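Here is a short report on one protein model. Look over the sequence and the structure first, then read on.

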Amino acid sequence: MKINENTLLEGDKVVLVPYNDHHVPRYHEWMKSPELQLLTASEPLSLEQEYEMQRSWREDNDKCTFIILDKQRWSEPAAQEEQCMLGDVNMFLTDPTDLSLAELEIMIAEPSYRGKGLGKEVTCMMLCYGISKLGIQKFEAKIGLDNTVSIAMFKKLHFQELSVCKVFGEVTLGMTVDPSLRTKLLGDMAYVKERQYQRHSSQPTGAGVMTTT
Ligand SMILES: CC(C)(COP(=O)(O)OP(=O)(O)OC[C@H]1O[C@@H](n2cnc3c(N)ncnc32)[C@H](O)[C@@H]1OP(=O)(O)O)[C@@H](O)C(=O)NCCC(=O)NCCS
């Protein structure tokens, strides 16, 4: 999706930046992990296929991806962006006849960053971005039945079980954004700053994500 190609979202613990080709080598290394392949139901790709995938996530109108960076590390002036990468988050508009529905996926790829509240913050940032910038009103997440951490996280964020597919071994959780949930979520995340994304630049002053266009 082109809409976020110049967007940087700065949270408390993380910074989200658009998925660009310079992120692909590290992403490709992550996806060699059998654990991550299992947890994210992904097939291993060649490096060339991973570059094609990155281009498709960048160009296609039904996909929106951010790379998750460690904010503390990213704040160090000499830090290379690739060294700050810790995962990715994306939304996929699954139904061309209903652009208010998005499937959400998140991966904290670096194990040492898990269980520290980053997944929750990133997911809330993405929910807010989807609601305020893309007009999403319903979110879904498909999660392996054994992935108790991910299921617990999404349930904590007001997702409810919609269906279980035993054949694929996955559960679909969903959330409809009603007015009170929308107000609470956007209020809770009002501290998130939206900035113009520039690789390797110093960070200029920004405005709240809900107030910029
Ligand atoms: C699933 C994932 C996104 C969660 O992110 P995280 O940063 O590890 O989780 P957080 O620290 O933000 O915790 C969020 C919630 O998850 C649950 N959780 C986190 N760690 C847990 C653990 N070890 N055991 C059980 N529940 C756990 C809790 O409900 C927690 O909320 P709480 O801290 O308020 O109790 C992350 O672990 C991950 O990416 N794992 C590998 C890839 C993956 O499974 N992706 C999801 C595919 S659907």
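Leu 69 is in contact with Val 14, Val 15, Val 17, Trp 74, Glu 81, Cys 84, Met 85 and Leu 86, leaving aside its neighbours within four places in sequence. Contact means that the C-beta atoms, placed from the backbone, lie within 7 Å.

This is a predicted model: local features need pLDDT of at least 70, side-chain atom pairs count only at pLDDT 80 or more, and totals for chains, interfaces and linings use all residues. Residues are numbered from 1 along each chain as its sequence is written.

Leu 69 is also among the residues with the most contacts inside the largest nonpolar core, which has 44 residues. Such a core is a set of buried Ala, Val, Leu, Ile, Met, Phe, Trp, Tyr and Cys residues joined through C-beta atoms within 7 Å. Buried means that 20 or more other C-beta atoms lie within 10 Å of a residue's own. Helix 6 gives the most to this core, with eight residues. Helices (H or I, at least four residues) and strands (E, at least two) are DSSP runs, numbered from the N terminus.

Now the ligand. Ile 108, Arg 114, Gly 119, Lys 120 and Met 153 come nearest among the 20 residues around it. A residue counts as near if its C-beta atom, placed from the backbone, lies within 6 Å.

Helix 7 gives the most to the shell, with six residues.

Overall, the protein has eight helices and 10 strands. Buried residues make up 29% of its 213 residues.

Technical notes:
A residue is buried if 20 or more other C-beta atoms lie within 10 Å of its own, exposed if 12 or fewer, and partly exposed in between; C-beta atoms are placed from the backbone. Two residues are in contact if their C-beta atoms, placed from the backbone, lie within 7 Å.
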